[in-house]
Amino acid sequence: MHKVLELLQTLDANYYAESVGISPDDWQGEVISSESRKIIMLASRQSGKTTTVSVKASRHITQERNRLALIVSPSQRQSEEIMRQVDTYIKKSDIGYKKDNVLEKILENNSRIVALPSSEKTIRVYAGVTQLIVDEASRVPDDIYRAVRPMLATSNGQIILLSTPFGKRGFFYETWEDRENWDYWKVTADECPRITESFLAEEKRVLPEWFYFQEYFCQFVDPLGAVFAHQDILNAFTDDVEAVAEEIGRASCRERV
């Protein structure tokens with residue numbers, strides 16, 4: 001019977017989630033089940049995105065041997081928060097630890113998970129990552145994102161970006177805007193059954209409008225205090241550079257004549 005349960009957990013991600021005490025929303029079950037190499041989640045605050053990746057990470061390292069999951073966040077504290085949730089789910093399985101601390105956990109099956117802040121000095125030492133989780137990705141610097149992507153080069157590993165928006169800038173915004181080759185989900189606060197209408201009404205009343213729609217309805221808002229809107233800056237550019245250059249050249253020749 002024990003082997004049957006293990007097989008069900010391996011084959012059915014939703015069954016695994018239930019086995020560790022989580023009843024996933026439909027979108028959470030889809031994310032946990034997704035085998036896509038590239039996943040991006042644009043999700044409201046308190047929608048359950050951290051729980052989702054914690055369940056997904058714990059399943060990833062408990063179901064197979066010799067896997068390496070890496071959590072990258074804007075701060076060590078945020079990475080540790082995911083690690084605490086992962087630890088809760090791992091302890092509900094039958095796999096013990098060879099090493100167990102707040103920053104790194106090595107399982108008896110030789111899989112491990114490591115939590116890191118967004119510091120390039122501490123990140124570059126890792127290779128062969130089979131699952132890379134970038135939490136609050138909109139607030140992780142672009143140079144860190146560029147530094148971690150090569151870790152998947154030889155492992156054909158999975159990258160997961162999750163965040164609320166943080167302005168029309170950076171790799172997370174650009175990836176979301178051009179997400180054709182990504183498995184993607186957008187989850188607003190009114191789609192989360194645990195967030196009530198009355199709570200949102202109160203938040204809308206007391207918060208600045210731009211912040212409310214950014215945090216709860218996943219809108220990419222231009223940075224506060226920006227002199228020009230992002231779209232206005234884009235509209236200022238043209239592809240007709242060659243034509244302009246030719247006209248300048250002709251004008252210069254006319255002046256010499």
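Visitor: How many residues are in the largest nonpolar core, and which of them touch the most other members?

Guide: In general, nonpolar side chains in soluble globular proteins tend to be buried together. In this predicted model, the largest nonpolar core has 28 residues. Those that touch the most other members are Leu 70, Tyr 126, Val 129, Leu 132, Leu 161, Phe 171 and Phe 172.

Visitor: Which element gives the most to this core?

Guide: The elements that each supply two or more residues are the strands β1 (38-43), β2 (68-73), β5 (112-117), β6 (131-135) and β7 (158-163), together with the helices α7 (142-148) and α8 (170-177). With four residues, the element that gives the most is α8.

Visitor: Which residues is Leu 70 in contact with, leaving aside its neighbours within four places in sequence?

Guide: Leu 70 is one of the residues that touch the most other members of the largest core. Once those sequence neighbours are set aside, its contacts are Val 114, Leu 116, Tyr 126, Val 129, Gln 131, Leu 132, Ile 133 and Met 151.

Visitor: How many residues are in the second, separate core?

Guide: This second core is separate, and it includes Ile 39, Val 53, Ala 69 and Trp 185. Its number of residues is 22.

Visitor: What covers the buried residues of α10?

Guide: Helix α10 spans residues 209-217, and its buried residues are Tyr 212, Phe 213, Gln 214, Glu 215, Tyr 216 and Phe 217. Among the elements that cover these buried residues are β8 (183-187) and α9 (197-206).

Visitor: Is Cys 218 buried or exposed?

Guide: Cys 218 follows α10 and has a positive phi, near 60°. Because a residue counts as buried under 20% relative accessible area, and Cys 218 has a value of 2%, Cys 218 is buried.

Visitor: How many disulfides does the structure hold?

Guide: Cys 192 counts as buried at 3% relative accessibility, and Cys 218 is buried as well. The number of disulfides in the structure, however, is zero.

Visitor: Which side chain does a polar contact of 2.8 Å join to that of Ser 163?

Guide: Ser 163 lies in strand β7 and is buried, with a relative accessible area of 0%. Although Ser 163 and Leu 42 are 121 residues apart along the chain, their C-alpha atoms are separated by 5.5 Å. Not counting residues up to four places away in sequence, Ser 163 touches residues including Met 41, Lys 49, Glu 136 and Phe 172. The side chain joined to that of Ser 163 by the 2.8 Å polar contact belongs to Ser 138.

Note on methods. Residues are numbered from 1 along each chain as its sequence is written. This is a predicted model: local features need pLDDT of at least 70, side-chain atom pairs count only at pLDDT 80 or more; totals for chains, interfaces and linings use all residues. Side-chain values use heavy atoms; hydrogens and water are left out. A disulfide is a pair of cysteine sulfur atoms within 2.5 Å. Buried means under 20% relative accessible area, exposed over 50%, partly exposed in between (1.4 Å probe, protein chains only). A nonpolar core is a set of buried Ala, Val, Leu, Ile, Met, Phe, Trp, Tyr and Cys residues joined through side-chain atoms within 4.5 Å. Contact means heavy atoms within 4.5 Å. A polar contact is a pair of N or O atoms within 3.5 Å; within protein, one must be able to donate a hydrogen and the other to accept it, and residues adjacent in sequence count only if both atoms are side-chain atoms.
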